[in-house]
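Morning, everyone. Let's walk through it.

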Amino acid sequence: MPGQVPLWLDCDPGHDDAFAILLAAYHPGIQLLGISTVHGNASLEKTTKNALSVLAAIGKQDAVAVHAGAAHALVRAPTHAPTDIHGESGLDGTSLLPPADPQRTAAAYQGPSAVDAMASALRACEPGTAWVAATGALTNVAALFRKHPELREAVKGVAVMGGSVGGGFTPAVMGVVDGAARVGNYTQWAEFNVLIDPEAAAAVLGDPVLAAKATLVPLDLTHLVLATREVQDMLLYGPPEEGSGEKPREGRGKSDLRVMLVELLNFFAGTYRDVFGIVEGPPLHDPLAVAAVLAGTEHEIPFYDYDPARAEGPGRRERFAVEVVTDGTLDDAKHRGAQTGRTIVKLLPPGSEGVKIPRGLDIALFWRVIEECCERADEANKKILATPKAS
């Protein structure tokens, strides 16, 4: 479709990755080029199967190819998310997720490597149009630009869900560790995606060419985007009818897909309530990196470099240098207070080029767009179910 943003999605499904896949696959302003999987929320074997399962759930299994990527960090052993966040499978919490097709699972490993598939898809796009969105460890993305450095100039942007700033960067609730303000989510200082491969994050965010076209979506932003009761009601049943008030609607939901998505949201709600003190509803991290690629298009979901409520207004432009702490081991970070994986940001002088780190966005519009993608997926699934199967 003319005017669409070409996008390659690198992910580690993961509950919130399911919403990132939904948004990338069904937004009318995005052309999803393909998906690569990476270690993180679960093992590579599980994240690859989960990506295929999500595509089947939303009716896109025939339209989007999945390529298995890195099973471990560039120079470190693999680390997977705790089971109280994503469960044993990486997508626990629902019985409605279809199993991954064995043939497609095998094809994810037997076809071109994730890095080569990404490179081929990006080269086929008009220079300066394609984005890479990364919602897991940056291992595959760092390997891509290391093997194909010419693509740094060719892509329009790189959107990364990862890192955290702290220090009141936004009004988001970040939590407390041993009486001290929390910056990260896996350790006091580090966000999980960056911590499990800090060298990859440093390679991407520290590259001057990529930094100038990178958007970093940190915990400080994602913890503002909460799946409240009202949001979950909209996802289950669609937008409320005009004049219906705030009375909760009853019934199972409009479709199995919608029920599944809300079940996935609620699987880790308890952890965010108990660990971070976020009581209104769980935050949704990964689809914000996908939403960021719509900047400058007719479908833009506004992200604000600065707090739009302040006197400077939403028009203030900020860019940052991002340093990733690579010293120390995971064990040092978990048990000895090391800042391994921390993202240290420095505001650059006005007019400088650097990493964009939004402090806010149009949250209501974001959730409406997610619901619209649910509606499109519902319609696609109805057509699939209505199509007679070949005998």
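This is a predicted model: local features need pLDDT of at least 70, side-chain atom pairs count only at pLDDT 80 or more; totals for chains, interfaces and linings use all residues.

Start with two strands, β5 and β8. β5 covers residues 157-161, and four bridges join it to β8. The two run parallel.

Now zoom out. What is the order of the six strands in the open sheet? Read it as β3-β2-β1-β4-β5-β8, with parallel pairing. The edges are β3, residues 66-68, and β8, residues 214-217. Each of these pairs on one side only. From one strand to the next, the twist averages 20°.

Next, a helix. α5, residues 114-123, lies across β1, β2, β3 and β4. Against β2, α5 runs at about 165°.

On to the rings. How many aromatic pairs does the structure hold? Three. One of them is Phe 169 with Phe 320. Their centres are 5.7 Å apart, with 65° between the planes, and the pair is edge-to-face. Where do they sit in the chain? Phe 169 is in the loop between β5 and β6, and Phe 320 is in strand β10. Buried or exposed? Both are buried.

Phe 192 has a relative accessible area of 7%, so it is buried.

Last, charges over rings. The charged end of Lys 60 sits over Tyr 26, 4.8 Å from the ring centre. Arg 316 has its charged end over the ring of Tyr 306, 4.2 Å from the centre.

Note on methods. Residues are numbered from 1 along each chain as its sequence is written. Side-chain values use heavy atoms; hydrogens and water are left out. Two strands pair if DSSP finds at least two bridges between them. Axes are lines fitted to C-alpha atoms, for helices over the stretch in contact, and angles run from 0 to 180 degrees between N-to-C directions. Contact means heavy atoms within 4.5 Å. Rings of Phe, Tyr and Trp (its six-membered ring) pair if their centres lie within 6.5 Å; planes under 30 degrees apart count as stacked, over 60 as edge-to-face and the rest as tilted. Buried means under 20% relative accessible area, exposed over 50%, partly exposed in between (1.4 Å probe, protein chains only). A charge sits over a ring if NZ of Lys or CZ of Arg is within 6 Å of the ring centre and within 35 degrees of the ring normal.
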